[in-house]
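Here are a few exercises to work through with the model on screen. Try each one before you read its solution.

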Amino acid sequence: MATVVFRDVRKAFGSVEVLHGVSFDIEEGEFVVLVGPSGCGKSTLLRLLAGLEHITSGDIMIGERVVNALPPKERDIAMVFQNYALYPHLTVGENMGFSLTLANRPKAEIAEKVGPAAEILGLSNLLDRYPRQLSGGQRQRVAMGRAIVRDPQVFLFDEPLSNLDAKLRVSMRAEVKNLHQRLRTTTVYVTHDQIEAMTMADKIVVMQDGIVEQIGAPLELYDSPANLFVAGFIGSPAMNMLPGRIDPDNSSRFISGDGVALPIGRPLAQTPKDGAIYGLRPEAMLLGGDVPLRVEVVEPTGSETHVIGRIAGVEVVGVFRERIDAGPGDDIGISVDTTATHLFDAASGKRVSV
């Protein structure tokens, strides 16, 4: 295990700068997820850590060493990619031990390392098979096993579940997390899927346009997003955003652009001068109340009912535990759980304290 440190890391491709001074620390044994939309710089940052791209400026440290100039093989890391990159002519066991074979390690040593890794991943009875004889999930486990046998200081995962179907992704999320809990190796995981980030990470780094927007534990980011971007990115369905202003006569009440009053719950520490954005989580809507919701689409999912509609002319999504007898064009009254509402400054996009 090792710590990982990024200090003012910048990366440019020609005249285009894609990372703008990224700085944060990863503790020993921590599972950190880099998350953000396509093009935010998360995979580039991972490739810089792996030594697959050259850093433009700044420092990257693994343990006590600055690794900026070190080739990948000297960084003591192991990487699992989106595509499995298995050799089709080698068996599962030979694929898992390939890096040790290249290093001319004795066969007995290779078997000694491959065996426990295969047992951890449930591959012990598949060691003599070839990749073409495996399912997608099994191939990904082989790729993970190839990384485990190297016993690195840091595991790097670059969207490893993207090629799997939805059901398999759920089970593989649990397998990756379980693997980390057993090995406790420092892990850096890149994904654009915020559900993966929320369910797997000890710490999430949210990125946009080459900068870090917020760093924190999953529930910390969910409960206290620093700005509009993080608020809209973390959570599924996404947080609803309604523009308006604070009631000048009552700082614990928000007035939407169409004049609908929404509760904030507690007086504000400061009032935005140029308008505000009211953030309302879908699950913070409760049936019964005086806030009008015009129904457009009802989506029963079994345990929950999703309602797409409009409040004050703004499209919103509500998630209700109850089954709703309503259809397009109907109006239903809702109330708001004020412990789960958020307020943002319309000009800066930053969270307003309450």
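**Exercise 1.** Find which residues touch the most other members of the largest nonpolar core.

*Solution.* Start with what a nonpolar core is: buried Ala, Val, Leu, Ile, Met, Phe, Trp, Tyr and Cys residues joined through side-chain atoms within 4.5 Å, where buried means under 20% relative accessible area with a 1.4 Å probe, protein chains only. The largest one has 43 residues, and M96, M144, Y189 and V206 touch the most other members. Next, look at helix α5 (residues 136-148), which gives the most to this core, five residues; helices are DSSP runs of H or I, at least four residues, numbered from the N terminus.

This is a predicted model, so local features need pLDDT of at least 70 and side-chain atom pairs pLDDT 80 or more, while totals for chains, interfaces and linings use all residues. Residues are numbered from 1 along each chain as its sequence is written, and side-chain values use heavy atoms, leaving out hydrogens and water.

**Exercise 2.** Work out how α5 and helix α6 (residues 166-183) pack.

*Solution.* First, take the angle, about 20°, and the axes, 11 Å apart; axes are lines fitted to C-alpha atoms over the stretch in contact, with angles from 0 to 180 degrees between N-to-C directions. So α5 and α6 are roughly parallel (angles under 35 degrees). Then list contacts, meaning heavy atoms within 4.5 Å: M144 and I148 are among the α5 residues that meet α6, where the partners include M172 and L179.

**Exercise 3.** Is L34 buried or exposed?

*Solution.* Locate L34 in strand β3 (residues 31-35). Its relative accessibility is 1%, so L34 counts as buried.

How values were computed: Buried < 20%, exposed > 50% of the residue type's maximum accessible area, 1.4 Å probe, protein only. Helix = DSSP H or I, 4+ residues; strand = E, 2+ residues; numbered from the N terminus. Parallel < 35°, antiparallel > 145°, perpendicular 65-115°, else oblique.
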